[in-house]
Amino acid sequence: PASKRAGHRIPRYTGDASGTRPDASLPYKNATMKHLRIMTCLLLLGSMAPATALCTGKDAPKRSKEKGCNRPYSEAMYVKRQGGDLYISAKLDGRTDITYWFRRCMFNELYTFYRVGITRNRAALPSTQPEAEPAVLLNSTYSDNIGPFAIPGCGWCGGNHKYRERTARTARSEGYTLLADGNRIEGDTTLWANRVTVEAENVILDPTRPYRNAAGGEELRDTLCRESVTYTVRRNNIEVTASHRFCNAAPVTIAIYYGMQSMFEGETHVLTPGGAYTDWTEVAKASTFTKQEHPLFRRYVEKNRQGYQSTWLLPDGLGDHALLDGQDDIFIYAPYGKSYHKLIGNKRMENGDKTCWRGVYTWFETPIADDADLLCYEGSVGGHTAVFIDCKRACKRTLALPGYLDLRHFGTAEQNSGIRISAAGRNKLKIKAGAPGSCVLLLRE
């Protein structure tokens, strides 16, 4: 989308994606109590889920356990590396697998998740053919999932973008590291793991300093920033942490940085907890809203005829929206089928400046509940099971959760609009909301 609200003419967006990194916990301006709250909650709940030793083929684990639950199917993932391609399969639920494909992609050949899909499988273990074409495509990186930057007068840089949308690259990959439960994945191999991590290092090139090469063509050589991206895959989630260290020779104004985007396939409806669309809204009727209108907004959920995707921006770093003015769009739904979190609007960046953000993509086919009162679904953050509760209107009710979820110990990662949650036994919740509101619970053992 082209935003003219802030006085800069921004080129039409076309896009593809790059990534993020969780060890890049770079502090940024105006840390809020919300940052402290969610981080304190994660610290209190403990660190990562217990790791399963790497094993191959027939030695697959029968069952593994994430903090806060004991599912009737395995939580172990099957991992296959073939050259530069990384394939992963995991159980989405008792009858379905979710599959991921990571590779270099987009115009700038950056390493990121390229395809996410689902396939029927009633076995307790996920398929050992994660490279197979999925029955249903949920997300494909024909445009950016993450990034890029828009520079006034110079176009977009990073992700899928060419310089001024002509021929020159605007970013390059400087390599990637693949890990399973903290161990490097070396060479072509297959294995089982509870957690897969992809660490990607990229350079975003400075479009304000173009050059002519020996053939007379345009090229970018100077660095705008170094981008570190980590993707952590657990079951139906990809947790992303991205950091940028600016190395630009002269100050540059970032007109727009979207950061976390959605490439969900065939969405028909969108819901924005804490935002303008507190109930399912047809995408043809969705648009944008500003930080001033909905300052607490950080998550949107999309659905199509086969499934759902949740895109949750955590309050860390740029997630506090401190680099947006009140009149800046905070959420954008574009008519060509993309949804965006906006993280930077018309801010000057100098050599040595640093930014970071963190977020979680969650996919699911069958929610815990999706009715007139609320949407409830399950995901993961920081190795802990997360239960998302989005009240669409004022309501008072008891909600039964799947029997494998244990509510005897939980913390609240995020809560707004007067919603009140309490446990009513091991697997039931009492919910009371005086108006539309949302809450994210983190479970622990």
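**Exercise 1. Charges over rings**

*Solution.* The model is predicted, and side-chain atom pairs count only at pLDDT 80 or more.

**Exercise 2. Two ring pairs that share Y231**

Classify the pairs F102–Y231 and F113–Y231, and place each ring in the chain.

*Solution.* The structure holds 26 aromatic pairs. A pair of aromatic rings is described by the distance of the centres and the angle of the planes. Planes over 60 degrees apart count as edge-to-face.

Step one: take F102 and Y231. Their ring centres are 5.6 Å apart and the planes stand at 65°, so this pair is edge-to-face. F102 belongs to strand 3 (residues 96-105) and Y231 to strand 14 (residues 223-234). The two are 129 residues apart, so the pair links distant parts of the chain.

Step two: check burial. F102 has a relative accessible area of 0% and is buried. Y231 is also at 0% relative accessibility and counts as buried.

Step three: take F113 and Y231. The centres are 5.9 Å apart and the planes are at 80°, so this pair is edge-to-face. F113 lies in strand 4 (residues 110-120), 118 residues from Y231 in strand 14. Both F113 and Y231 are buried.

Step four: widen the view. One aromatic cluster is formed by Y100, F102, F113, Y231, Y361 and W363.

**Exercise 3. The strands around S228**

Which residue is the bridge partner of E201 in strand 14? Show how backbone pairing and side-chain contact bring these residues together.

*Solution.* Step one: pair the strands. Strand 11 (residues 196-205) and strand 14 run antiparallel and are joined by 10 bridges. Within this pairing, E201 has S228 as its bridge partner in strand 14.

S228 is buried, with a relative accessible area of 13%.

Step three: look for another partner of strand 11. Strand 8 (residues 171-180) pairs with strand 11 in the antiparallel sense over 8 bridges. Here T197 of strand 11 is the bridge partner of L179.

**Exercise 4. An open sheet and its edges**

What is the order of the open sheet of 5 strands? Identify the edges.

*Solution.* Strands of a sheet pair through backbone hydrogen bonds, either parallel or antiparallel.

Step one: read the order. It is 27-28-29-34-31, with antiparallel pairing.

Step two: find the ends. Strand 27 (369-370) and strand 31 (410-415) are at the edges. Each has a single partner strand, so one side of each is left without a neighbour in the sheet.

Strand 28 (residues 374-381) and strand 29 (residues 384-391) are antiparallel over 8 bridges. C376 finds its bridge partner in strand 29 at I389.

**Exercise 5. The second largest pocket**

Which residues are closest to the centre of the second largest pocket?

*Solution.* Step one: note the volume, which is about 200 Å³. Step two: consider the 14 lining residues. Closest to the centre are L92, D93, T366, E378 and Y404. Step three: ask which strands contribute. Strand 2 (85-93) and strand 28 each supply at least two residues of the lining.

**Exercise 6. Backbone exceptions**

*Solution.* Most residues other than glycine have a negative phi, and most peptide bonds are trans.

Step one: E109. Its phi is positive, about 55°, although it is not a glycine. E109 lies in the loop between strand 3 and strand 4. Its relative accessible area is 34%, so E109 is partly exposed.

Step two: R235. Phi is near 45°, again a positive value in a residue other than glycine. R235 is in the loop between strand 14 and strand 15 (237-246). At 4% relative accessibility, R235 counts as buried.

P148 is in the loop between strand 5 (136-140) and strand 6 (149-151).

Note on methods:
Residues numbered from 1 in each chain as written. Predicted model: local features only at pLDDT ≥ 70, side-chain atom pairs only at ≥ 80, totals over all residues. Heavy atoms only, no water. Pairing = 2+ DSSP bridges. Helix = DSSP H or I, 4+ residues; strand = E, 2+ residues; numbered from the N terminus. Phe/Tyr/Trp six-rings, centres within 6.5 Å; stacked < 30°, edge-to-face > 60°. Buried < 20%, exposed > 50% of the residue type's maximum accessible area, 1.4 Å probe, protein only. 1 Å grid on protein atoms, 1.4 Å probe; cavity = no way out; pocket = protein on both sides within 12 Å on 5 of 7 lines; lining within 4 Å. Points joined across faces, edges and corners; volume = space filled by probe spheres on them.
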